[in-house]
Amino acid sequence: MMSRPQITTQIDEIVDGIYRISSRSAAFGGITFNQFLIDDERPALIHTGMYPLYEAVHQAIGEVLDPSRLDVVALLHFEADECGGMDRFLEQAPDSTLVGSALSIDLNVGGWAYQGKTQGYRDGEVLDLGHHRLRFLETPHVHHWDSMMLFDETTRSIFPADLYIQPGDQPPIVTEDLGDSMCAFYRAVGIFAHEQPVRDVVERIEALEPAWMHAMHGGTVAGDAIPRFTRALREQPFAYQGALLGRQVVAAEPS
Ligand SMILES: [Fe+2]
Ligand SMILES: [Fe+2]
């Protein structure tokens, strides 16, 4: 029987009750998978991780609060690393609400076998957790149709999902300029169809003057370093160029 590669998970407080839960494994293709816990009156988990990450993420949450208290579970687009654990988190927190963009909830979760409460949000709407206030940004085609991001008004934090990614095993807080390797990584994995929808969103993000960028893969980018990543997104190509996860896609000839 083949043994599964080991997953290592650590949890670190980044700022004011926002914790980064970071998992790494030889099986993850050189990136970390991060979830974010917000310890508040209404505790929130921003993305769940894939189904097999559940035990590790659940255990890490347990170091801070009772996971059955989770009130909000957010997905930023409908994809395995965003919401693969949604049913398992619902099982241990049956009163929790799964939140996402209106499109994620209506189109995708609504067509799935999810049994819990759901709530879809449109651009500009706010979810009050008690101390933290999460403002929803609809960001279609960054990189999915139903994509959104969250802006925590309290800490001026953005939860950008797969934007501001950094490959490799990064520390909880990144201050280095990794803009070049971010764009090279995007070109190799092919997650964006086009640069323009991303650059439009980057304009909006810049206007919010974020102090923290809680990347789903890599570390949280600290405020002073964010403009360097933003500049790379403005100046360098990063859209799909024919490669998917490092493999050049070649159309097969009809046989
Ligand atoms: Fe994604
Ligand atoms: Fe992701």
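A crossing is left-handed if the near helix is turned anticlockwise from the far one by less than a right angle, and right-handed if clockwise. I wrote that down before opening the model, which is a predicted one: local features need pLDDT of at least 70, side-chain atom pairs count only at pLDDT 80 or more, and totals for chains, interfaces and linings use all residues. Residues are numbered from 1 along each chain as its sequence is written, and side-chain values use heavy atoms, with hydrogens and water left out.

**Helix pair**

I looked up H6 (residues 196-207) and H7 (residues 226-235), whose axes come within 10 Å and cross at roughly 155°. For the record, axes are lines fitted to C-alpha atoms, for helices over the stretch in contact, and angles run from 0 to 180 degrees between N-to-C directions. Helices (H or I, at least four residues) and strands (E, at least two) are DSSP runs, numbered from the N terminus. I noted the H6 and H7 crossing as left-handed.

Which residues meet there? From H6 I have Arg 199, Val 202, Glu 203 and Glu 206, and from H7 Thr 230, Leu 233, Arg 234 and Glu 235 (contact means heavy atoms within 4.5 Å). The residues of this H6 with H7 contact split into 2 nonpolar, 1 polar and 5 charged.

**Aromatic rings**

Next I went through the aromatic pairs and found 9 of them in the structure. Rings of Phe, Tyr and Trp (its six-membered ring) pair if their centres lie within 6.5 Å; planes under 30 degrees apart count as stacked, over 60 as edge-to-face and the rest as tilted. Phe 28 and Phe 33 have ring centres 4.8 Å apart and planes at 65°, so I logged them as edge-to-face. Phe 28 is buried at 12% relative accessibility, and Phe 33 is buried at 11% (buried is under 20%, exposed over 50%, partly exposed in between, 1.4 Å probe, protein chains only).

Tyr 121 and Phe 136 are stacked, because their centres lie 4.0 Å apart and their planes are at 5°. This pair links distant parts of the chain, with Tyr 121 in E7 (residues 117-121) and Phe 136 in E9 (residues 133-138), 15 residues apart. Both Tyr 121 and Phe 136 are buried. I also spotted one aromatic cluster formed by Tyr 186, Phe 192 and Phe 238.

**Ser 101**

Last stop was Ser 101 in strand E6 (residues 97-101). Ser 101 is buried, with a relative accessible area of 2%. What does Ser 101 touch? Leaving out residues up to four places away in sequence, I listed Gly 120, Tyr 121, Asp 146 and Met 148.

Technical notes. Chains lettered and ligands numbered in written order. Nonpolar A, V, L, I, M, F, W, Y, C, P; charged D, E, K, R; others polar.
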